[in-house]
Amino acid sequence: MPESLGFAPADLLVGASLFLDFDGTLVDIVDRPDAVVVDAPLAMLMEELADRLQGRLAIISGRPRAEIDALFGHCAFAVGGSHGLELRWPSGRSSSPAPPSDLPRLTARLREAAMRYPGTLVEEKPFGVALHYRAAPEYEGACRHLAQALVEESGLSLQPGKMVFELRMRGADKGAALAALLDEPPMRGTRPVFVGDDPTDEDAFRTAAARGGAGILVGPPRPTAALYRLPDVAAVRAWLEAALAA
Ligand SMILES: [Mg+2]
């Protein structure tokens, strides 16, 4: 039962590989996704983790890989961007698929329609497009209807998130990204730990458990494949600091 999930032990990361979601896990979610910043303590924490884990550290996010790179500046960690479609291994090797050919047309349709819903925001991504309604929650139903209609006429899949509907390219999820990163050195053969808050993070919780590791759910209790839970971003950062000292 979700209520029984406890705090992760501080020594969980000893010898492990650490995979972190970004929004809602390392930083609080804000109204506009482009308004998020990586503060100095977080940048330092990531550097210390990369050092302590000897490179067995990755961020796996719905954000494009280039955005994660830009937010952190020099990244001493691996990245799974765009829900795992774009990968960069600790060695520096990277891979990414060709974007969907009808994406410009779908984005134009979404922008045109979203103008009727003041406060909603269209976010272009390399492999999809997102419609945010955090600043205009009264349009949730209209946004859902629109996103579903566009999904039905395209080959993309619908990804509901926190106050956002995203049309995204099929072919990867956060669990697949974790597995692909874990299959190469220096992560190969280690126990994966994944920390995240989103419904899409459940794929990674399941993969982490299947590979002998564990998931840590961030946020209130819910049915989950995670083994542990932390209540919020502040608790994640405090736990990571404690894990560094273990
Ligand atoms: Mg998240």
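## Salt bridge and polar contacts between the domains

Between domain 1 and domain 2 the count is one salt bridge, a term that here requires a side-chain nitrogen of Lys or Arg within 4 Å of a carboxyl oxygen of Asp or Glu. K162 forms a salt bridge with D197, with 2.5 Å between the closest N and O atoms. The residues on the side of domain 1 that touches domain 2 divide into seven nonpolar, five polar and five charged, where Ala, Val, Leu, Ile, Met, Phe, Trp, Tyr, Cys and Pro count as nonpolar, Asp, Glu, Lys and Arg as charged, and the others, Gly among them, as polar.

This is a predicted model, in which local features need pLDDT of at least 70 and side-chain atom pairs count only at pLDDT 80 or more, whereas totals for chains, interfaces and linings use all residues. Residues are numbered from 1 along each chain as its sequence is written, and side-chain values use heavy atoms, with hydrogens and water left out.

## Domains and their interface

The protein is divided into domain 1 (10–97 + 171–245) and domain 2 (103–168), with bounds that come from an automatic or database domain assignment. The centres of the two domains, taken over C-alpha atoms, are separated by 26 Å. In contact terms (heavy atoms within 4.5 Å), 17 residues of domain 1 meet eleven residues of domain 2.

Domain 1 and domain 2 bury about 1300 Å² between them, and 62% of this is on carbon and sulfur atoms; buried area is the accessible area (1.4 Å probe) that two parts lose on being put together, summed over both. D31, P33 and H83 supply 32% of the area that domain 1 buries against domain 2, more than any other three residues.

## Overall fold

The protein has seven helices and twelve strands, which are DSSP runs (helices H or I, at least four residues; strands E, at least two) numbered from the N terminus. Its radius of gyration is 18 Å, close to the 18 Å that the globule rule gives for 246 residues, so the protein is as compact as a globular protein of that length; the radius is taken over C-alpha atoms, and the rule is 2.2 Å times the number of residues to the power 0.38.

H83 lies in the loop between β3 (78–81) and β4 (86–88), and its phi is near 60°, a positive value in a residue other than glycine. P185 and P186 are joined by a cis peptide bond with omega of about 5°, and P186 is placed in the loop between α5 (174–182) and β10 (191–196).

K174 forms a salt bridge with D21, the closest N and O atoms being 2.9 Å apart. This pair links distant parts of the chain, 153 residues apart, with K174 in helix α5 and D21 in the loop between β1 (16–20) and α1 (40–52).
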